[in-house]
Amino acid sequence: MTLSMDPLAALRWQVEAGADEAIGEEPVDRYAASARPPKAVPAALQSARGLAAAARSVGELAEALAAFDGCPLKRTATNLVFADGNPEARIMLIGEAPGADEDRLGKPFVGVSGQLLDRMLACIGLDRRSTYITNVIFWRPPGNRPPTAAEIAACLPFVERHIELVAPEVLVLLGAVPAQTLLARNDGITRLRGRWFPFESAGMARPVPAMPVYHPAYLLRQPAQKRAAWRDWLGILARLKNVTGNHTDSGIE
């Protein structure tokens, strides 16, 4: 004997039983879906990770970057802008990306904002012989535009390995891009600046204290913020000396 049910009554019965949403015509094995391998890492990122991890010195890392073709900015830039200063320094400064002057000379922070950075360092008794300076992007973006997320991701393995090899006692993150990238935070620089955060990386034995500060280029556009920047740099000096400074006037001009 064949039993039949009114379609409307059947639908009502299913709703009362809790089947109130149509998902698909066939059941889905959620256990099998969760066991699937993750999506493949893009080849450029795999290459960056491999080249960065293989570097055993700052010099080898620079050579690896020069051979790396996974960042499209390399095709439009004049020079690789790797670093400047002393790789054995206690303090490492990381900015955003090279500008026109940096691209032309192949060194970071050599333009107008670099001159202000030099003055800020001098105010706390430092210079390029006692610091080490680099960026999160090693080639100039066309027109000095902000770097894209893909460009940052392509360079990030080299930046992290750079920090591991230098092993500084203090990191200074110049602006929002390096702060957000290396600290994995979405807050703006006005919320991050002047605060200490631990930077951690797989190749480091211990975290490094990192402070985000205003980028010198921002201070050139917003000179009223130099007072706040001066307080931040005094905090950096105190960290280096492990004492609290007693300066009260602004030394950033």
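Visitor: Among contacts in the protein chain with a separation of 6 or more, what share comes from residues 24 or more positions apart?
Guide: Bear in mind that this is a predicted model. The chain is built from 11 helices and 6 strands. Of its contacts with a separation of 6 or more, the share between residues 24 or more positions apart is 70%.

Visitor: And how much of the protein chain is buried?
Guide: A residue counts as buried when its relative accessible area is under 20%. In this chain of 253 residues, the buried part is 42%.

Visitor: Which element gives the most residues to the largest nonpolar core?
Guide: That core has 41 residues, and F82, W139, F158 and I163 touch the most other members. Elements giving two or more residues to this core include α3 (43-54), α4 (58-67), β2 (91-95) and β6 (208-213). The top contributor, with 7 residues, is helix α7.

Visitor: How many residues are in the second, separate core?
Guide: This other core includes F109, L121, V172 and L174. Its size is 26 residues.

Visitor: Are helices α7 and α8 roughly parallel or roughly perpendicular?
Guide: Helix α7 covers residues 149-166 and helix α8 residues 176-183, and their axes are 11 Å apart. They pack at an angle of about 75°. Angles of 65 to 115 degrees fall in one class, so α7 and α8 are roughly perpendicular.

Visitor: What classes of residue make the contact of α7 with α8?
Guide: From α7 come I152, L156, V159 and I163, while α8 supplies V177, T181 and L182. Sorted by class, they are 6 nonpolar, 1 polar and no charged residues.

Visitor: Is R161 buried or exposed?
Guide: R161 sits in helix α7. Leaving out residues up to four places away in sequence, R161 touches A52, A53, A55, R56 and L61. Its relative accessibility is 14%, and the cut-off is under 20%, so R161 counts as buried.

Visitor: Now the aromatic rings: are F68 and F158 stacked or tilted?
Guide: The model has 4 aromatic pairs. In the pair of F68 and F158, the ring centres are 5.0 Å apart and the planes meet at 55°. Planes under 30 degrees apart would be stacked and those over 60 edge-to-face, so this pair is tilted.

Visitor: How many residues apart in sequence are the parts that F68 and F158 tie together?
Guide: F68 is buried at 1% relative accessible area, and F158 is buried at 0%. F68 belongs to the loop between α4 and β1 (84-85), whereas F158 belongs to helix α7. The pair therefore joins parts whose separation in sequence is 90 residues.

Visitor: Are F82 and F138 stacked or edge-to-face?
Guide: F82 lies in the loop between α4 and β1, and F138 in the loop between β3 (132-135) and α7, so their pair ties together parts 56 residues apart in sequence. F82 counts as buried at 12% relative accessibility, as does F138 at 0%. Their rings are 6.2 Å centre to centre with 25° between the planes, which makes the pair stacked.

Terms used. Residues numbered from 1 in each chain as written. Predicted model: local features only at pLDDT ≥ 70, side-chain atom pairs only at ≥ 80, totals over all residues. Heavy atoms only, no water. Axes fitted to C-alpha atoms, helices over the stretch in contact; angles between N-to-C directions. Helix = DSSP H or I, 4+ residues; strand = E, 2+ residues; numbered from the N terminus. Parallel < 35°, antiparallel > 145°, perpendicular 65-115°, else oblique. Contact = heavy atoms within 4.5 Å. Nonpolar A, V, L, I, M, F, W, Y, C, P; charged D, E, K, R; others polar. Core = buried A, V, L, I, M, F, W, Y, C linked by side-chain atoms within 4.5 Å. Buried < 20%, exposed > 50% of the residue type's maximum accessible area, 1.4 Å probe, protein only. Phe/Tyr/Trp six-rings, centres within 6.5 Å; stacked < 30°, edge-to-face > 60°.
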